[in-house]
Amino acid sequence: MMANNYYQENPDYISQLIELPRGTSRLEELGMNITYAKNQIILEAGEVPQYCYVITRGRVAGFEYTLAGQERIYTLNEKNSVNLDANLIMNYETPVSFKALETTEVIAIDRPTLMNMVSSDPEIAIDMLQSISIKFLSTMEQLRHTNYHSAEWKICDLLLDWARKYGVPYDDKILIKEKLSQQMISNLLGINRITAVRAIKDLKTMGLIETINGYYCIRDINRLKRHQNWLLSSMENK
């Protein structure tokens, strides 16, 4: 099955990779251009934002460090998404920090401009409503996964999610053309690295996934989904 077809057949899937379904073109005219270097902090936890940020290139993570010192990533804002809009509208400090995971270009929009446009332009109001709603639904899905699913199920789900967004056909397989380190997987899912490494090794042993030049490759989308469903059934039967 082609990766783009797989994505199109799951249009209602709530992804951890945040982006606006209608794009951000209406918002890009409202602010100023800023470029952040890889790993540069955009906003520290506890600060009230002066701007929200339309991501035009790159990726922004919302994160904090656990008591054990592990980085925990809660959100990934992709190109064509808006970051810190809810905090800006509510004039509310952010509970976590935000940083650029790679060189990232944004449009920074201040609060008076955003509030004026939300009040005067229904299309921009809908864009902002969708942006905040998608992040809320994505967070709710993450909480459900934390409570009800095993580490291996979560890794299957993450790989399928990234395949929807970044998968390309490769020798009758799906190659995820964005590199995911084991540490990144651990940080995204809130599991320790040893557990992540063990689960990934099991998936490879079963012939469900492999790595090619540092990229994860799903050997058969349907087999991986069947295995994920089996994992869920196994948990429910315990």
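The axes are lines fitted to C-alpha atoms over the stretch in contact, with angles from 0 to 180 degrees between N-to-C directions. I noted Q182, Q183, I185 and S186 of α6 in contact with R193, A196, V197 and I200 of α7 (heavy atoms within 4.5 Å). These residues comprise four nonpolar, three polar and one charged; Asp, Glu, Lys and Arg count as charged, Ala, Val, Leu, Ile, Met, Phe, Trp, Tyr, Cys and Pro as nonpolar, and the others, Gly among them, as polar.

The model is predicted: local features need pLDDT of at least 70 and side-chain atom pairs 80 or more, while totals for chains, interfaces and linings use all residues. Residues are numbered from 1 along each chain as its sequence is written, and side-chain values use heavy atoms, without hydrogens and water.

I turned next to helix α5 (residues 151-166), whose axis comes within 11 Å of that of α6 and crosses it at roughly 105°. K154, I155, L158 and W162 of α5 meet I185, L188 and L189 of α6. By class, I found six nonpolar, no polar and one charged residues there.

Finally, I examined the whole chain. I recorded eight helices and 13 strands, as DSSP runs (H or I, at least four residues; E, at least two). Buried residues make up 44% of the 238 residues (under 20% relative accessible area, 1.4 Å probe, protein chains only).

Conventions. Buried < 20%, exposed > 50% of the residue type's maximum accessible area, 1.4 Å probe, protein only.
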